[in-house]
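User: I have just opened a structure that is new to me. Could you walk me through it?

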Amino acid sequence: MTNEKDVKPWVVRIILIVGGILGAHRLYLKQVPEAFVFFSTFGVFLIGWLYDSFMFKYEVDAYNQLINLNKENKDKEKWKNGRLQTAQSKFVEFSLTRFLYSVLYGLYIGIGTWLACTLTFGWTDINSIPFVSVVALGITAGVYIIGHCGGQSRELSFIWISSFSSMFLMVRVFQSAVFRSIFIASIVSTLVGNRTAKNKRSRHTWRHFLFWSSLFMMLVCVILLGCSRKIGEKQITATRPGSFRETTSVGSLMRDRIFDSKKVYSFFEGNPIIEYSISDSSQTERSTASKKSNSFWQHVWSGELFDELTGAAHLTKIDWVELTMTFIVDVLRAEARVINKSSTVEPFKWALWRNYLIHRFSLDPLVSDDQIRSECKKWQQEQNQKRESSEKDFSMIAAKRGCATFQS
């Protein structure tokens, strides 16, 4: 702090434009926890970046004012540094906004940790102590980092103990869903952490930022690795006239598309019938899940949405995996058709319209092309009987265009 100079607003403006989404301007102002929050949330989902674009001058003024104050009171603070910190620690006011930020960010990191555990490592047993410990560690990290924003600090040990104990009680004792448990644990750890709040200037440096960013990127890579593994290991079979069947995996098709595209085009040559490997238990779960009519937020709060995302509760079928898998296969199929000159529709466009029709007609992600054609024909017959329907019905227009594109 001895050689620090006032920060120029135009310098912060340039840094904000170039790397503000990743928190570079906050890091320049030595707001390390805030910089990491920006980095891990892509500029707080762009909203924080837009906010700082208009309000960054106030942050610069506060930073310069703090530098000047420290220079004036340098000797005085050295004399009674301990007594000054003790006095300041008694005057931390409760902030509802800060409380909400802490809960939401703890929930965000906790869910990310949960996804990494279930998608990549296959930890579907939520009652195990290692699972509870790792998820509680993610919640603790989120609450701790928010607690050190704005010139305040929190005790890490208290946050960790409250996070782990609340997760343990919710999962093992009350048999609660994982999402609900993470949410409650975020609230409890935030409340306990606020009891240890102190007005204390953060001593974090750019090294802390690099360490936290490395851990977060590792978490993201683990999640992506788990997603790619679940998609790549799926089996696909192409059946041609004459009962000739050829089976491969989606991962092999994606690899061949990069290194040897001729293998991919030969696999889809002749527009074969595509079948996906699926167990009987998955079909049963699909039929029972389709009968549920809960709202989206009820689906989230009950934990069913995240069970579908992670494959928790011993599910063998994951909808988002099947949707992603079929979309990748559809793009490759459409490319092969264009190469063989049996179609002129852009592959990405054809695959998007096919997935739209699956959603529009509430079909299974693994539905065959013949079933989609049958649904399109049935829908067109119904529309012909409803001549009074308005041409401004965008849903009808989209379905009509989707059927035309798919059948072309």
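Analyst: The answers below take up helices, ring pairs, cysteines and one serine in turn. Please keep in mind that this is a predicted model.

User: Let us start with helix α8. What distance separates its end C-alpha atoms, and what should the helix span?

Analyst: Helix α8 covers residues 96–119, and its end C-alpha atoms are 34 Å apart. At 1.5 Å a residue, its 24 residues should span 34 Å, so the two values agree.

User: How many of the residues of α8 are buried?

Analyst: Helix α8 is mostly covered, with 18 of its 24 residues buried.

User: Which residues does UniProt list as "transmembrane region"?

Analyst: The UniProt entry, which is unreviewed, lists residues 12–29, 35–51, 99–123, 129–146, 181–197 and 209–226 under that name.

User: How much helix is there in residues 181–197?

Analyst: Residues 181–197 are 82% helix and 0% strand, and their end C-alpha atoms are 24 Å apart. For residues 35–51, the figures are 88% helix and 0% strand, with the end C-alpha atoms 14 Å apart.

User: Changing topic: how many aromatic pairs are there?

Analyst: A search of the whole structure finds 13 aromatic pairs. In one of them, the rings of Trp160 and Phe164 have their centres 5.5 Å apart and their planes at 35°, so this pair is tilted.

User: Where do Trp160 and Phe164 lie?

Analyst: Both lie in helix α10, residues 156–173, and they are 4 residues apart, about one turn of the helix. In general, an α-helix has 3.6 residues a turn, so residues three or four places apart point the same way. Trp160 has 31% relative accessibility and counts as partly exposed, and Phe164 is also partly exposed, at 23%.

User: What about the rings of Phe327 and Phe348?

Analyst: Their centres are 5.4 Å apart and their planes stand at 85°, so the pair is edge-to-face. Phe327 belongs to helix α18 (residues 319–339) and Phe348 to helix α19 (residues 347–360), so the pair ties together parts that are 21 residues apart in sequence. Phe348 is partly exposed, with 44% relative accessibility.

User: Which residues do ring pairs link into a cluster?

Analyst: The cluster consists of Phe36, Phe39, Phe209, Trp212 and Phe216.

User: On to cysteines. Which ones does a disulfide join?

Analyst: The whole structure has 1 disulfide, and it joins Cys376 to Cys403 with an S to S distance of 2.4 Å. The torsion about the S-S bond of Cys376 and Cys403 is about -85°, so the disulfide is left-handed. Cys376 lies in helix α20 (residues 369–385) and Cys403 in helix α21 (residues 394–407), so parts 27 residues apart in sequence are tied together.

User: Is Cys376 buried or exposed?

Analyst: Cys376 is buried, at 0% relative accessible area, and Cys403 is likewise buried, at 0%. Cys117 is buried at 3%. Cys227 has a relative accessible area of 19%, which counts as buried because the cut-off is under 20%.

User: Finally, where is Ser189 found?

Analyst: Ser189 is in helix α11, residues 178–194, and it is buried, with a relative accessible area of 0%.

User: What does Ser189 contact?

Analyst: Leaving aside neighbours within four places in sequence, Ser189 is in contact with Ile139, Val143, Ile159, Ser162 and Ser163.

Methods. Residues numbered from 1 in each chain as written. Predicted model: local features only at pLDDT ≥ 70, side-chain atom pairs only at ≥ 80, totals over all residues. Heavy atoms only, no water. Helix = DSSP H or I, 4+ residues; strand = E, 2+ residues; numbered from the N terminus. Expected span 1.5 Å × (residues − 1). Buried < 20%, exposed > 50% of the residue type's maximum accessible area, 1.4 Å probe, protein only. Phe/Tyr/Trp six-rings, centres within 6.5 Å; stacked < 30°, edge-to-face > 60°. UniProt positions renumbered as here; feature names shortened; annotations may be inferred. Disulfide = S-S within 2.5 Å. Contact = heavy atoms within 4.5 Å.
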